[in-house]
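Morning, everyone. Please look at the model on the screen while I talk.

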Amino acid sequence: MDETSPSRAPSLAAAREPEDGGPPDAELVESARSGDTPAYEILVRRYQSRVHGMVYNMTSHKQDAEDIVQTIFVKAYRALGSFGGRSSFSTWLYRIAMNTTLNHLQRRKRRQGEMSLDDLDEGAERDPAYVELVARESPVRDLSLTELQKKLNAALQTLSEEHRSVVVLHDVQGLPHDEIAKALGVNVGTVRSRLFYARQLLQAELAEFAP
Amino acid sequence: MNCESARFEIATAETETRSAALAAHLERCPPCRAYAARDASVRNLLAFKRNETPDAHFETRLVARVRGEIEGTVPTRRWVPAAAIEWFTPAVRWAVASAAIVVAAVGFLRPGAVPVPVPGLASEAPTAQPISMFADSRAPTLMTSAVPLLAVMTNQGPPMLRLSPGGPVEYGTGGTVPVGLQY
């Protein structure tokens, strides 16, 4: 890929609008607060994919991720009363999700290194990154999708949790820096510094894929 | 613009628009152009991870589990909190078991102490004999009430104690006292 036009993380502006055509988050939150469980289920369905993606990429463990995502949505439901609406529901949810995941990772230290991978989408082999990799004369051109998946997960796991969280939220999830700052409770400058440092580490870890 | 600030801008850019200063720097700095190419490659590889998704039934399972937790229709998966399990280490188990022995011994040795009989013990264990260190024939009554507790708390028991499958508890120097484990 031409270095002058790197793929940028997609804006989350669209994500704030309900893609499912349902009511806006604020309305669902209000209903859920008054005990409307189906309203909360819509929120769960709306955000489960993004929350799962974040948790899975932080843990590289699909079974753990499923349990953690459940815990996150139950915690969030029980904490709805404390949601003041100063940030968006998604940012607030991400914050709960990240804290819950980091707590899990602290407890899991003893079995660090274990991985269990998610399934790949059917269209993964048409992903621009993979297509470019295979097309290029490179020692890893014959890498299977699963092998690539393992190498990427292993590279992410070499980062500290604070650096991994920024990379996952920005480069995988597509959150803008200011949203990440709110979700992590740090300032934007810290997010950028962590991202810069993490990318340097990942360049070294993933050097075999370099153009 | 120096290389460090150029690379910082490359790595943290949120849009495709580059500042004039960065563009000028890249024009004359091949190492930074190479850095930009590697950075783009890393970004693309990380974006590839968006292809990883949970299985098709994940959403259904999740919604059902969350609903169950919220409505209280699903029992918690652990009947003992994880923190309690982590806290109840073998050392703690032994300490608690030792304390139980001391309490039992103090209760037994206290002058005028009245033993608490185990229901049905006399009829079930007519041949029960006190072990030699306790001359009082009431001793097995008290000890049999403490021994299973000890076994449960330690999960293995002291060296002289063996739990026979579904049967009597053996302890002491060859003495066998049948006891029920119903408490």
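Accessible areas here come from the Shrake-Rupley method with a 1.4 Å probe, and for residues only the protein chains shown count as cover. By that method, chain A exposes about 9,400 Å². Carbon and sulfur atoms supply 49% of it.

Some ground rules. This is a predicted model: local features need pLDDT of at least 70, side-chain atom pairs count only at pLDDT 80 or more, and totals for chains, interfaces and linings use all residues. Residues are numbered from 1 along each chain as its sequence is written, chains are lettered from A and ligands numbered from 1 in the order in which they are written, and side-chain values use heavy atoms, with hydrogens and water left out.

Chain A has 10 helices and one strand. These are DSSP runs, numbered from the N terminus: helices are H or I with at least four residues, strands are E with at least two. The order is α-α-α-α-α-β-α-α-α-α-α. Of the 211 residues in chain A, 51% are buried, meaning under 20% relative accessible area with a 1.4 Å probe, protein chains only.

Now helix α8 of chain A, residues 161–172. How many of its 12 residues are buried? The count is 11. Among them are Glu161(A), Arg164(A) and Asp171(A). The cover includes α3, α5, α7, α9 and α10 of chain A, plus α3 of chain B. Just after α8(A), Gly174(A) takes a positive phi of about 85°.

One residue in α5(A) deserves a stop: Thr101(A). Thr101(A) counts as buried because its relative accessibility is 0%. Beyond its neighbours within four places in sequence, its contacts (heavy atoms within 4.5 Å) are Met54(A), Val55(A), Met58(A), Thr59(A), Ile68(A) and Ile72(A).

Next, a helix pair. The axes of α9(A) and α10(A), lines fitted to C-alpha atoms over the stretch in contact, come within 8 Å and cross at roughly 105°. So α9(A) is roughly perpendicular to α10(A), a label for angles of 65 to 115 degrees. The contact residues divide into six nonpolar, one polar and three charged. Ile180(A) and Leu184(A) are among those on the α9(A) side.

Last, the partner. Chain B puts 44 residues into the contact, and chain A puts in 59. About 5,300 Å² is buried between them, that is, accessible area (1.4 Å probe) lost on being put together, summed over both. In chain B, Glu14(B), Leu45(B) and Phe48(B) lose the most area to chain A, together 13% of what that side buries.

Note on methods:
Buried means under 20% relative accessible area, exposed over 50%, partly exposed in between (1.4 Å probe, protein chains only). Axes are lines fitted to C-alpha atoms, for helices over the stretch in contact, and angles run from 0 to 180 degrees between N-to-C directions. Angles under 35 degrees count as roughly parallel, over 145 as roughly antiparallel, 65 to 115 as roughly perpendicular and the rest as oblique. Ala, Val, Leu, Ile, Met, Phe, Trp, Tyr, Cys and Pro count as nonpolar, Asp, Glu, Lys and Arg as charged, and the others, Gly among them, as polar. Buried area is the accessible area (1.4 Å probe) that two parts lose on being put together, summed over both.
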